[in-house]
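Take a look at the fold below. We will walk through it one part at a time.

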Amino acid sequence: MSQAGSGRQEKRKGQEQTESCNPFACVAPEAMYIHVPFCESKCHYCNFYSIKANKAERAAYVDLLLLELRERARELTASGVAKRPLRSIYFGGGTPGIMSPGEIEKILLEISRHWSFASDIEITLEANPGSDFAEKTAGFKQLGINRLSLGLQTTDNKKLAALGRRHTREDFDHSLEAAYRANFTNISLDLMLGLLGESFDSFQENLELVLTYKTPHISFYSLQIEEGTALARQVRARPDLVPEEAEERKMYHYLLERVEAEGLLPYEISNAAKPGFESRHNCVYWRAEPYYGLGPAASSYVFGLRSSNLADYSAWAEAISTGNFSKACVIEEDVDGTGARKEFMMLGFRLLAGISKEAYRSLFKEEMDERFSAELGLLLKKKYIEVRAEGYRLTALGLDYANRVFGEFI
Ligand code: SF4
């Protein structure tokens, strides 16, 4: 029995479900994240864990993942907690789109041997644009994958090259056409703002082009300069290329207004969607609900325990292949009732509809206003949040100081 696994089982067994404990400690997750750690090359800004892999290495990864899936299913059965049908499976990375449909099919088949799927399950695959992906799109659709997340980042080919991305805008066009031809309707694209040398005007131009794609979901992120990356070295040489913070904030607020005018409602700090196209999987994170995470570097939140698989493929593979599942995973936090309440607030404020008093009451059997009167009072006074009928949400000012809002609940 694994240490992490036994940790989860023991946690569940020792859990007396009381009103003060973590309400997620005694329920099985309905969402599963699969981390595919492979990328064809390293983007200049990226500090995620990713490695290159050939066909044989991808096949070996799939075999290991099947072992990990079986162990997670065994653990759940041993805990005595009833499995719940999965409502979301998310293949993230890395670049899951470099897997073949046959490899993804093996993983989905193994999941289906241990878990049932909700009839309206959302199955997302992240992919980078390119001819290789375009050729496989119909194959992915046939497997039941019904949501694609495509990493466009910008429509400017020079900026794509400067970011170290392998694709061009034309590759994105080609991949998007292939996705529509394969009858994908639920498609998200990733867009970056605050790129080196980007002005408000060039961002506006870029955004207009992005909106012509008419995808029902857009995720948008400010470029982060992470130490140790090629981008950090570029910035040291040319710090003048980094847009001023005020300029970057102007881009962000303009984007929120512009996408809304196109019917894409900003529903989270970094996401906008046509109604009904919000990412079900990511909403699990923002509602602080539990999820399984498999594959190297994947995080899990099961029975109130937050854990992470090793962000080292060889070490993860060694632990899984030898049955030492405890060594593949590190428990990071045992979230008690107080922690669960704080997470509900901190993550919930990411959603632009804000946090609901009724949802809080129903989960924790107490009043949010009583538990967090000091924190909410302070945030209201600073005008970072505002009252709405159901609870509280960030103001426009709060969007710029969101980290301070989250910080009140850490
Ligand atoms: S494709 Fe994504 S995960 Fe891979 S190197 Fe680029 S940014 Fe990182």
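Which residues surround the ligand? Keep in mind that this is a predicted model. In it, the ligand is surrounded by Cys-39, Lys-42, Cys-43, Cys-46, Phe-48, Ser-50, Gly-93, Gly-94, Thr-95 and Asn-128. Sort this shell by class, and you get four nonpolar, five polar and one charged residues.

Now turn to the sheets. Strands of a sheet pair through backbone hydrogen bonds, either parallel or antiparallel.

Strand 7 pairs with strand 8 (residues 271-273) in the antiparallel sense, over three bridges. Find Pro-266, whose bridge partner in strand 8 is Ala-272.

A second open sheet has three strands, in the order 13-15-14, with antiparallel pairing. Strand 13 (355-356) and strand 14 (385-388) are the edge strands, and each pairs on one side only. Strand 13 is joined to strand 15 (residues 391-394) by two bridges. Here Ile-355 stands opposite Tyr-392 of strand 15.

There is also a hairpin to find. Strand 10 (residues 299-302) and strand 11 (residues 305-309) form it, and they pair in the antiparallel sense over four bridges. How many residues lie between strand 10 and strand 11? There are two, and Phe-303 in the turn has a positive phi of about 55°. Val-302 has Leu-305 in strand 11 as its bridge partner.

Last, look at two helices. Helix 2 (residues 55-79) packs against helix 11 (residues 313-321) with the axes 10 Å apart. The angle between them is about 55°, which means that helix 2 is oblique to helix 11. The crossing is left-handed. Which residues make the contact? Helix 2 gives Leu-64, Leu-67 and Glu-68, while helix 11 gives Ala-317, Ile-320 and Ser-321. Of the residues in this contact, four are nonpolar, one is polar and one is charged.

Technical notes. Residues numbered from 1 in each chain as written. Predicted model: local features only at pLDDT ≥ 70, side-chain atom pairs only at ≥ 80, totals over all residues. Near = placed C-beta within 6 Å. Nonpolar A, V, L, I, M, F, W, Y, C, P; charged D, E, K, R; others polar. Pairing = 2+ DSSP bridges. Axes fitted to C-alpha atoms, helices over the stretch in contact; angles between N-to-C directions. Parallel < 35°, antiparallel > 145°, perpendicular 65-115°, else oblique. Left-handed = near helix turned anticlockwise from the far one by under 90°. Contact = placed C-beta atoms within 7 Å.
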